[in-house]
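Trainee: I would like to learn how to read a few features of a protein model. Can we go through them one at a time?

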Amino acid sequence: MSDRDDWTAMIDLIERVMGDEDLLPSVISGVRATVREVSVLPPSDIAGHTRALLTAATRALADRRGPTEAELSFVEELGVTRARQGVPIEAVLGAIHVAERAIWARAREVGRSEGVSAERLLDARELYDDWADAVRGRLISAHRATKALADPRPGNRDAAILRRLLQGGSAAALAVAEAGLPAGDGLWVLVARPGFEERVLRDQPPVVCAVVDDLFVGVLSRAPSLREATAGLAGPAAPDKMAPMRRLALAALVTAEQTGQTGAVHIAGVAWQAALTARADLAAALLDRHRRAWTGLGPNAEPVAHAVLAWLEADRDVTVAGGRLFVHPNTVRNRVRRFTEVTGIDPAGTFGAVNAWWLCRTWLSESA
């Protein structure tokens, strides 16, 4: 076989690996399970950027070249997007590394079974590494430039104080003193999406709040009272614990959004839902186990999942669940019964209810 034919076979192998329907979901699950800062992003967001990077890399390998300006422009956009989402550059690079490792492991596995030489695989990996080095350089530059623009200006006192609070240590203690926050009984952290009515918190002083890394963050000396707005809440905790409290408040916010809750949702009130939704690897295992059940339900899959969720979230009251879904209570009963038949999960039991809620929630988020 000529060198050209050998390389064509190598590229064909990589394209088949990249086109494997099971690979991308597996990669996304691995990224979300391994890189905590990325796990809060929607799977579709991670999947879209990962797929685009893989496609660009495959084209570059096929042509034995470095990245084009168009590919680098896409990478710049990725760096800007992740910086605005508040994802640290270390987490962005970590996510890419996890994806790379999974893909090349699959390529080696398939290559061995098809007789592709280790030397040819090494040639491809070295070429990919050259391409990836240029891509990472542009990614880091774009991310850092965006972060620099997002740094608080001298007049943005609250944002500057919040950044120091989130650093922890002595910087946090000094920031609390500067803000005039009484920390004796601990502080509360609230996280919401940009656009949150800041006035609502300003009416409940003392408070320091601002948009930091594309999230509205507030630190207060007492739990706030909210009605219509949705926010995540954590605390009370010492000033040097504000960074972990912010992460918990963000987890509460994401969970509240996924479950349709409003007000200031404390992480303790949604702890088990937050814990479940954070384990993308276990969610993937649950999906794999019951994939045939979803397929078997056919066009009734989503109505059944919605019925089980509504029933569980209404404390198993079919009348309340039926009212929320605008269907007869017997319809709810029948759909819950059908779910049990196809999955083998009994949502009437304590642990079965947890598995049923998690599975249905994951089913619906994956099909959205």
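Mentor: Start with Arg 361, which lies in helix 18 (residues 350–367). Keep in mind that this is a predicted model.

Trainee: Is Arg 361 buried or exposed?

Mentor: Buried means under 20% relative accessible area. Arg 361 has 17% relative accessibility, so Arg 361 counts as buried.

Trainee: Which residues does Arg 361 touch?

Mentor: Leaving out residues up to four places away in sequence, Arg 361 touches Gln 258, Thr 259, Leu 309 and Glu 313.

Trainee: How do I describe two packed helices?

Mentor: Use the angle between their axes and the distance between the axes. Here, the axes of helix 2 (residues 23–34) and helix 6 (residues 89–113) cross at roughly 140° and come within 9 Å. Helix 2 is therefore oblique to helix 6. Their crossing is right-handed.

Trainee: Which residues of helix 2 and helix 6 meet?

Mentor: From helix 2, Leu 23, Val 27, Gly 30, Val 31 and Thr 34 meet Ala 95, Val 98, Ala 99, Ala 102, Ile 103 and Arg 106 of helix 6. The residues of this contact comprise 8 nonpolar, 2 polar and 1 charged.

Trainee: What joins strand 2 to strand 3?

Mentor: Strand 2 and strand 3 (residues 215–220) run antiparallel and are joined by 6 bridges. For example, Val 207 has Leu 220 in strand 3 as its bridge partner. The hairpin of these strands has 2 residues between them, and Asp 213 takes a positive phi near 55°.

Trainee: How many residues of strand 2 are buried?

Mentor: Strand 2 (residues 207–212) has 5 of its 6 residues buried, and is mostly covered.

How values were computed:
Residues are numbered from 1 along each chain as its sequence is written. This is a predicted model: local features need pLDDT of at least 70, side-chain atom pairs count only at pLDDT 80 or more; totals for chains, interfaces and linings use all residues. Side-chain values use heavy atoms; hydrogens and water are left out. Axes are lines fitted to C-alpha atoms, for helices over the stretch in contact, and angles run from 0 to 180 degrees between N-to-C directions. Helices (H or I, at least four residues) and strands (E, at least two) are DSSP runs, numbered from the N terminus. Angles under 35 degrees count as roughly parallel, over 145 as roughly antiparallel, 65 to 115 as roughly perpendicular and the rest as oblique. A crossing is left-handed if the near helix is turned anticlockwise from the far one by less than a right angle, and right-handed if clockwise. Contact means heavy atoms within 4.5 Å. Ala, Val, Leu, Ile, Met, Phe, Trp, Tyr, Cys and Pro count as nonpolar, Asp, Glu, Lys and Arg as charged, and the others, Gly among them, as polar. Buried means under 20% relative accessible area, exposed over 50%, partly exposed in between (1.4 Å probe, protein chains only). Two strands pair if DSSP finds at least two bridges between them.
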